[in-house]
Amino acid sequence: MCGSPGPSTGDGWLVAEHCCYLGDADGDQLTRVVTETVFGSLLGRLAEAEPVLVHEQRPRFAADAQALTTAVDTALRTAP
């Protein structure tokens with residue numbers, strides 16, 4: 001659900017979300033759908049919940065498909 005407080009680890013699940021479209025009045029609508037923004041948003045939310053997922057990431061604030069995949073792979077290895 002968009003607008004929730006952030007990532008969650010309830011019931012054993014690690015959850016992160018990114019809201020691409022919040023409505024016609026959303027002034028950041030175009031920025032939200034840029035691929036790097038989506039990757040960065042999801043990585044940031046995962047890092048909030050489990051900082052170890054991005055601990056080895058270099059460059060530190062890289063936001064691309066590989067960085068997101070690595071974070072998810074790390075999560076699965078750490079706590080399947």
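**Note on the fold and its pockets**

1. From the N terminus on, the elements of the chain run α-α-α. The secondary structure comes to three helices and zero strands. Keep in mind that this is a predicted model.

2. Next, burial. The chain has 80 residues, and buried residues make up 25% of them. The chain exposes about 5,700 Å². Carbon and sulfur atoms supply 58% of that area.

3. Now the contacts. Take those in the chain between residues at least 6 apart in sequence. Of these, 44% join residues at least 24 apart.

4. Rolling a probe the size of a water molecule over the atoms shows where empty space is left. The largest pocket has a volume of about 370 Å³. It is lined by 16 residues, and the closest to its centre are G12, W13, L14, A75 and A79.

5. Which helix gives the most to the lining of the largest pocket? Helix α3, residues 65-78, does, with four residues. By type, the lining of the largest pocket divides into twelve nonpolar residues, three polar and one charged.

6. The second largest pocket has a volume of about 170 Å³. Its lining holds 14 residues. Nearest its centre lie L53, V54, E56, Q57 and T70. The lining of this second largest pocket divides into seven nonpolar residues, four polar and three charged.

Technical notes:
Residues numbered from 1 in each chain as written. Predicted model: local features only at pLDDT ≥ 70, side-chain atom pairs only at ≥ 80, totals over all residues. Heavy atoms only, no water. 1 Å grid on protein atoms, 1.4 Å probe; cavity = no way out; pocket = protein on both sides within 12 Å on 5 of 7 lines; lining within 4 Å. Points joined across faces, edges and corners; volume = space filled by probe spheres on them. Helix = DSSP H or I, 4+ residues; strand = E, 2+ residues; numbered from the N terminus. Nonpolar A, V, L, I, M, F, W, Y, C, P; charged D, E, K, R; others polar. Buried < 20%, exposed > 50% of the residue type's maximum accessible area, 1.4 Å probe, protein only. Contact = heavy atoms within 4.5 Å. Areas by Shrake-Rupley, 256 points an atom, 1.4 Å probe, with all protein chains shown as cover.
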